[in-house]
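Here is a short note for a colleague who is opening this entry for the first time. Please keep the view at hand while reading the points.

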Amino acid sequence: MNNQTLSDTPHPKTNFLKKVFSEVPETYERINHVLTLGLDILWRRKAARIAAASGGTHWADMCTGTGEMACNLSRLAASGTVIHAVDFSMPMMAEAMKKPEARNIDFVVSDVKALPFPDESLDLITISFATRNINLSSDILNQTFAEFCRVLKPGGRFVNLETSQPSSLLLKKLFRFYVRLLVKFVGKLISGSHSGYAYLAHTIPRFYPPKELSDIMCRAGFKNVTYRKLLFGVAAIHQGMKP
């Protein structure tokens with residue numbers, strides 16, 4: 001894959017997303033916790049345990065934001081493990097750097113579509129509640145996952161935590177009603193950012209169901225892709241291996 005080509009042709013929404021994330025760092029975690037009734041904390045910890053169990057000593061958390069997943073990984077990592085936290089938003093990473101665990105984490109400013117890591121250099125990649133933001137199109141998401149695959153060693157693991165779609169039609173309707181009713185209102189009320197949480201409310205109901213996301217991971221080069229549904233399918237943890 002040609003990294004230079006990807007980085008030289010930014011999607012029109014990239015600047016919008018950078019602006020959004022410059023507005024919300026101080027309230028980002030609080031809003032997530034309120035909207036999920038604290039479940040996002042438990043889900044990140046669960047995904048981190050799944051990821052850390054794969055072993056290795058060179059890990060990276062993509063789209064790390066305020067660093068919650070990177071910090072979870074840091075608590076679980078064996079001595080000598082290098083943890084990179086990658087994001088394109090300096091304001092979000094500045095918030096992450098305030099955490100006590102930040103001293104054990106290497107923060108990297110980068111677009112995840114063109115990573116500054118050599119081929120086959122990482123044992124583990126994680127991403128949590130950010131895949132929707134790189135899903136600017138199915139092709140871009142596939143290219144980004146292929147970039148993750150490029151930098152993973154053979155046998156390396158990719159663990160993805162993201163909102164999903166319940167299989168039950170009734171639960172899907174209830175979930176979408178909840179998102180439509182509360183996400184924009186609560187997000188704007190706490191953060192003051194209308195555009196950011198209007199965008200969030202727009203993307204959640206339109207993201208892929210778990211099987212479709214599994215298929216995208218497979219097309220990007222991952223094998224043995226599996227997923228676990230969380231809370232009847234409103235979120236899911238996917239994992240795959242680089243062959």
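1. Terms and basis. Helices (H or I, at least four residues) and strands (E, at least two) are DSSP runs, numbered from the N terminus. Residues are numbered from 1 along each chain as its sequence is written. This is a predicted model, where local features need pLDDT of at least 70, side-chain atom pairs count only at pLDDT 80 or more, and totals for chains, interfaces and linings use all residues; side-chain values use heavy atoms, with hydrogens and water left out.

2. Overall build. The protein chain holds 11 helices and seven strands. Its C-alpha atoms fill a box of roughly 45 × 40 × 35 Å along the principal axes. The radius of gyration, taken over C-alpha atoms, is compared with a globule rule of 2.2 Å times the number of residues to the power 0.38. For 243 residues a compact globule would come near 18 Å, and the protein chain agrees, with 17 Å.

3. Burial and contacts. Buried means under 20% relative accessible area, exposed over 50%, and partly exposed in between (1.4 Å probe, protein chains only). Of the 243 residues in the protein chain, 55% are buried. Contact means heavy atoms within 4.5 Å. Among contacts with a separation of 6 or more, 72% join residues 24 or more positions apart.

4. Surface and charge. Accessible areas come from the Shrake-Rupley method with a 1.4 Å probe; for residues, only the protein chains shown count as cover. The protein chain exposes about 11,100 Å², and carbon and sulfur atoms supply 57% of it. Lys and Arg count as positive and Asp and Glu as negative, with His and the chain ends not counted. Each charge is placed at NZ of Lys, CZ of Arg, CG of Asp or CD of Glu. The protein chain has 30 positive and 20 negative side chains, and the centres of the two sets lie 8 Å apart.

5. Cysteines. A disulfide is a pair of cysteine sulfur atoms within 2.5 Å. The whole structure has zero disulfides. Cysteine 71 is buried, at 2% relative accessible area. For cysteine 218, the closest cysteine sulfur is in cysteine 149, and 11 Å is too far for a bond. Cysteine 218 is partly exposed, at 37%.

6. The loop between β6 and β7. Phenylalanine 232 lies here, between β6 (223-230) and β7 (235-241). Is phenylalanine 232 buried or exposed? Phenylalanine 232 counts as exposed, with 64% relative accessibility. Leaving aside neighbours within four places in sequence, phenylalanine 232 is in contact with Pro166 and Leu171. Leucine 231 sits in the loop between β6 and β7 too. Leucine 231 is partly exposed, at 43%.

7. Positive phi. Most residues other than glycine have a negative phi. Leucine 231 is not a glycine, yet has a positive phi of about 50°. Phenylalanine 129 also has a positive phi, near 50°. Phenylalanine 129 lies in the loop between β4 (122-128) and α7 (131-134). Phenylalanine 129 is buried, at 11% relative accessible area.

8. Proline 25. This residue is in the loop between α2 (13-23) and α3 (28-35). Proline 25 is buried, at 10% relative accessible area. Proline 25 and methionine 92 are 67 residues apart in sequence but 5.1 Å apart in space, C-alpha to C-alpha. Beyond neighbours within four places in sequence, proline 25 is in contact with Thr66, Pro91, Met92 and Glu95.
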